[in-house]
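Subject: Structure handover

Hi,

Here is the structure we talked about. My notes follow below it.

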Amino acid sequence: MDGHHHMGMHRGFGGGRGHGRGEGEGRGGPRGRRMFDGGELRLVLLKLIADEPRHGYDLIRSIEELTGGAYAPSPGVVYPTLTLLDEMELIEVGQAEGAKKRFAITATGTAHLADNAELVEALFARLAEVGAERARTDSASVRRAMGNLREVLMHKLRAEELDKETLHQLVALIDDAAQRIERL
């Protein structure tokens with residue numbers, strides 16, 4: 001029986017490991033979904049470089065900031081895209097500081113952005129929306145916690161055998177939480 005159980009486990013593990021290995025596989029799920037396809041990411045990076053020359057790392061951080069920390073493209077996607085933009089002569093490597101390459105937009109890149117202005121606007125709107133969604137879900141979790149606290153308190157207060165000592169402890173805990181939140 002033990003051997004059979006082990007087989008089942010092993011088979012399941014093997015199946016799980018192979019699943020979703022392809023680039024486009026499993027894009028439907030929230031975790032597997034890519035924020036942009038290659039062409040869209042190129043435009044987002046190009047627009048950010050047009051705003052000011054940046055290093056690859058700055059670009060990842062900028063996108064993360066735009067979404068309130070909800071999304072950051074991986075270096076494995078960003079750097080090859082930058083290489084491609086460079087090969088397309090839409091960006092050029094400016095003055096390198098140490099080992100870091102700093103990218104600047106070219107005249108061709110500026111024209112390319114102008115040609116795709118509407119799409120660029122839509123892509124940045126999508127980033128902003130992801131940030132807004134993140135903010136909404138964050139405040140929802142605060143509301144859930146508040147609701148939870150209220151339920152627990154009502155339940156405690158309804159219990160007849162609540163002595164003065166316990167009541168004092170409850171009040172002290174709530175006051176303490178309020179003060180700590182204020183200091184955050």
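Start with the core. The largest nonpolar core has 24 residues, and Phe36, Val44, Leu45, Ile63, Leu82 and Leu127 touch the most other members. A nonpolar core here is a set of buried Ala, Val, Leu, Ile, Met, Phe, Trp, Tyr and Cys residues joined through side-chain atoms within 4.5 Å. Buried means under 20% relative accessible area, exposed means over 50%, and partly exposed is in between (1.4 Å probe, protein chains only). Two or more residues of this core come from each of α2, α3 (56-66), α4 (75-87) and α6. Helix α2 gives the most, with 7 residues.

Before going on, the ground rules. This is a predicted model: local features need pLDDT of at least 70, side-chain atom pairs count only at pLDDT 80 or more, and totals for chains, interfaces and linings use all residues. Residues are numbered from 1 along each chain as its sequence is written, and side-chain values use heavy atoms, with hydrogens and water left out.

Helix α2. It covers residues 38-51, 14 residues in total. Its first and last C-alpha atoms are 20 Å apart, close to the 20 Å expected at 1.5 Å a residue (expected span: 1.5 Å times one less than the number of residues). Helices are DSSP runs of H or I, at least four residues, numbered from the N terminus. The buried residues of α2 include Glu40 as well as Leu41, Val44 and Ile49. At the start of α2, a side-chain oxygen of Asp37 comes within 3.1 Å of the backbone nitrogen of Gly39.

Salt bridges. The count is 8, by this rule: a side-chain nitrogen of Lys or Arg within 4 Å of a carboxyl oxygen of Asp or Glu.

- Glu52 pairs with Arg54, closest N and O atoms 3.8 Å apart. Glu52 is partly exposed at 42%; Arg54 is buried at 11%.
- Arg61 pairs with Asp58 at 3.5 Å. Both lie in α3, 3 residues apart, about one turn of the helix. Arg61 is partly exposed at 38%; Asp58 is buried at 19%.
- Arg136 pairs with Glu133 at 2.7 Å, N to O. Both lie in α6, 3 residues apart. Arg136 is partly exposed at 44%, and Glu133 is partly exposed at 38%. Glu129 joins these two in a network of salt bridges.

Finally, Leu149. This residue sits in helix α6 (residues 117-158). Leu149 is partly exposed, with a relative accessible area of 41%.

Best wishes

Methods. Polar contact = N/O pair within 3.5 Å; in protein donor to acceptor, adjacent residues only side chain to side chain.
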